[in-house]
Amino acid sequence: MTTTSTPTPTQWPVIAKDLGRLAVAPNLLDYDRARADFSWDDERRRLAGLPGGGVNIAFEAVDRHAAGPLAARDALRFVRDDGTVHALTYADLTAETDRFAGLLAALGVRRGERVFSLLGRVPELYVAALGTLKHGAVYCPLFAAFGPDPIRQRMSIGGGAVLITTRTLYRKRIAAQRDALPELRHVLLVDADGAPEPGTLDLADVLAGVRGPVTIAPTGPEDMALLHFTSGTTGRPKGAVHVHDAVTAHSATGRLALDLHPDDVFWCTADPGWVTGTSYGIIAPLVQGVTVVVDQEEMDPERWYRILAAQRVTVWYTAPTALRMLMRAGAERARAHDLSALRYIASVGEPLNPEVVAWGLEAFDLPVHDNWWQTETGGIMISNYPAMDIRPGSMGRPLPGIEAAVVARDDEGAPVEHDGSVALLDDGEVGELALRAGWPSMFRGYLDEEERYHRCFAGGWYLTGDLVRRDADGYFWFVGRGDDVIKSSGHLIGPFEVESALLEHDAVAEAAVIGLPDEVAGELVTAFVEPAAGVEASDALRRELVGFARRRLGAAVAPRRIEFVDALPKTRSGKILRRLLKARELGLPEGDTSTLESGR
Ligand code: ATP
Ligand code: MG
């Protein structure tokens, strides 16, 4: 495989860590020292552990706090459309999750059985997630926007025994396919209002019959806790299995990567149907005893700023796609609000263009801290986190407890191995990002796909499928997904750096870059561009953008062809579906599009 790789397009200045606004302990502000001082066993000792032995995620997230000084603190604050708030304290959440766990017991649900949610950001989702864990059952969230097929597919793979959803979703997406889901014994409706559909139960009604506190299931660290389907960006979604020990990583990363401390007000904008919505929308912040803000509506810049201001959000975790949307609306919109409480912003899900990091400084007087992880890793692995200065455009460096390397791949994309160990690349070379196997939130399997799981590991490393390079200071730079990188005229081109360069042009709102077959070059760099608001797509703009990209990237790397689009196809978790653009261009089948956002 060709190893020439493109240079970083623009050297963006390093942003020094802002000591004034970090809450982190002083010893953690030194990268090397933070790593040296860290061990997973120490982190496990920070957790409470179940009174009778064992570990349970929900106990660490909720009950532990309800028994102490945080009992009366808001654990969850649901912000309604009109700005009013419904809050649950840690004590409330303990009582409610107890009742849900008691209900599962009353329904005869056994430990290890799967409980699915198909809900928006309603309180019942959070109660069900944590109550399920207390009962020792396995929680699996689905996007509420999924159609009937993706729901059936995932529930069949997961063997869902219980589903918690709404009347409308049940009627439209489940009722007709109950026969195809023989393992589904109970459907609980959150809005039955005393009149459940045939074949379902009224959640409020059945909960009313459950009494008293429950004893949390004595789960062990390796007991299955969560089932998360991947975003399906590269193909059919995989069901990643996580265990209760994952809470050790949620705890560490909440503190170290997101700088969470008990007096924080934290807002994670991720949809609860996706792994981020569970790991960081529920577990990690609650383990740290913070107040979690939940926005019950769809994304809208003005509304988001109002929430940040009114809730006095201190730490905010969001995604590049959302930030790019805010950027389009203009920094002055942010500056019109009192966001003085905000002290830390982080992003995940896709590469974060340096342009967006710089815009964060303009809009919030804060940089955006990019971090990288996957459904399979269960928690943040690589991050521009408080212990380090930020390098815009870089994913950051591995967190304490995480060892990362760059593995050589052969022409088929398989790791190069010698005598059972994989070949690691030097700084600057592009290869597959690998993580030393064995961190607590590492997935323990793909449900029903053992062989595929084993193929993810070689020589003691977990292979992530993403291509990166590491610089001399240990920062990792995302190049592209293994399947997305472009080989053109002997160059290995990462779509991310071409997209980032295009995004620097004022006329560009979003861009996606793919390689299309070409007899001469091998692949031709092709860009799909969504023009900024008020900008007309034209041949002149096309020429202008090609010229702009050439000046930034050089002729070998800049796109040869630019197509204007109204919107890019994305997954529901906000990731650009480059494979779909490519399939459409080549007239090939679109593959699994179950996570495609509607209307794209
Ligand atoms: P599938 O595995 O089904 O194709 P997916 O990989 O998109 O879907 P997720 O686990 O939700 O499913 O996403 C993880 C992926 O998202 C990473 O492997 C990486 O490609 C991308 N990603 C996440 N965060 C970042 C980041 N900070 N920078 C670059 N890429 C990121
Ligand atoms: Mg993936």
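## Annotated regions

UniProt positions are given here in the numbering of this structure, and such annotations may be inferred rather than shown by experiment. The model described below is a predicted one. In an unreviewed entry, UniProt annotates residues 497-575 as "domain: AMP-binding enzyme C-terminal". Over this span the chain is 28% helix and 32% strand, and the C-alpha atoms at its ends are 16 Å apart.

An open sheet with mixed pairing is formed by 9 strands, in the order β2-β1-β11-β10-β12-β13-β14-β15-β16. The edge positions are taken by β2 (85-89) and β16 (397-398). Each of these has a single partner strand, so one side of each is left without a neighbour in the sheet.

The partner of β2 is strand β1 (residues 74-79), and the two pair in the antiparallel sense over 5 bridges. Within this pairing, Phe-78 stands opposite His-86 in β2. Helix α11 (residues 301-310) lies across β1, β10 (265-268), β11 (291-295) and β12 (315-318), and runs at about 160 degrees to β11.

## The sheet of three strands

Another open sheet, also of mixed pairing, contains 3 strands in the order β27-β28-β29. Its edges are β27 (508-518) and β29 (561-564); each has a single partner strand, so one side of each lacks a neighbour in the sheet. From one strand to the next, the twist averages 25 degrees.

β27 pairs with strand β28 (residues 522-531) in the antiparallel sense, over 10 bridges. One bridge joins Val-508 to its partner Pro-531 in β28. Helix α12 (residues 320-329) packs on this sheet, where it touches β27 and β28, and its direction makes about 130 degrees with that of β27. Helix α18 (residues 578-586) lies across β27, β28 and β29, running at about 50 degrees to β27.

## Packing of α4 and α5

Two packed helices are described by the angle between their axes and the distance between those axes. Helix α4 (residues 90-106) packs with helix α5 (residues 123-135) at an angle of about 60 degrees, and their axes are 8 Å apart. That angle makes α4 oblique to α5. The crossing of the two helices is right-handed.

On the α4 side, the contact is made by Leu-93, Thr-94, Glu-96, Thr-97, Asp-98, Phe-100, Ala-101, Leu-104 and Ala-105. These residues meet Val-127, Ala-128, Leu-130, Gly-131, Thr-132, Lys-134 and His-135 in α5. By class, the residues of this contact divide into 8 nonpolar, 5 polar and 3 charged.

## Packing of α3 and α10

Helix α3 (residues 57-66) and helix α10 (residues 275-287) have axes that come within 8 Å and cross at roughly 55 degrees. The two helices are therefore oblique to each other. The crossing of α3 past α10 is left-handed.

In α3, the residues in contact are Ile-57, Glu-60, Ala-61, Arg-64 and His-65, which meet Ile-283, Leu-286 and Val-287 in α10. The contact of α3 with α10 has 5 nonpolar, 1 polar and 2 charged residues.

Definitions and conventions. Residues are numbered from 1 along each chain as its sequence is written. Chains are lettered from A and ligands numbered from 1 in the order in which they are written. This is a predicted model: local features need pLDDT of at least 70, side-chain atom pairs count only at pLDDT 80 or more; totals for chains, interfaces and linings use all residues. Side-chain values use heavy atoms; hydrogens and water are left out. Helices (H or I, at least four residues) and strands (E, at least two) are DSSP runs, numbered from the N terminus. Axes are lines fitted to C-alpha atoms, for helices over the stretch in contact, and angles run from 0 to 180 degrees between N-to-C directions. Angles under 35 degrees count as roughly parallel, over 145 as roughly antiparallel, 65 to 115 as roughly perpendicular and the rest as oblique. A crossing is left-handed if the near helix is turned anticlockwise from the far one by less than a right angle, and right-handed if clockwise. Contact means heavy atoms within 4.5 Å. Ala, Val, Leu, Ile, Met, Phe, Trp, Tyr, Cys and Pro count as nonpolar, Asp, Glu, Lys and Arg as charged, and the others, Gly among them, as polar. Two strands pair if DSSP finds at least two bridges between them.
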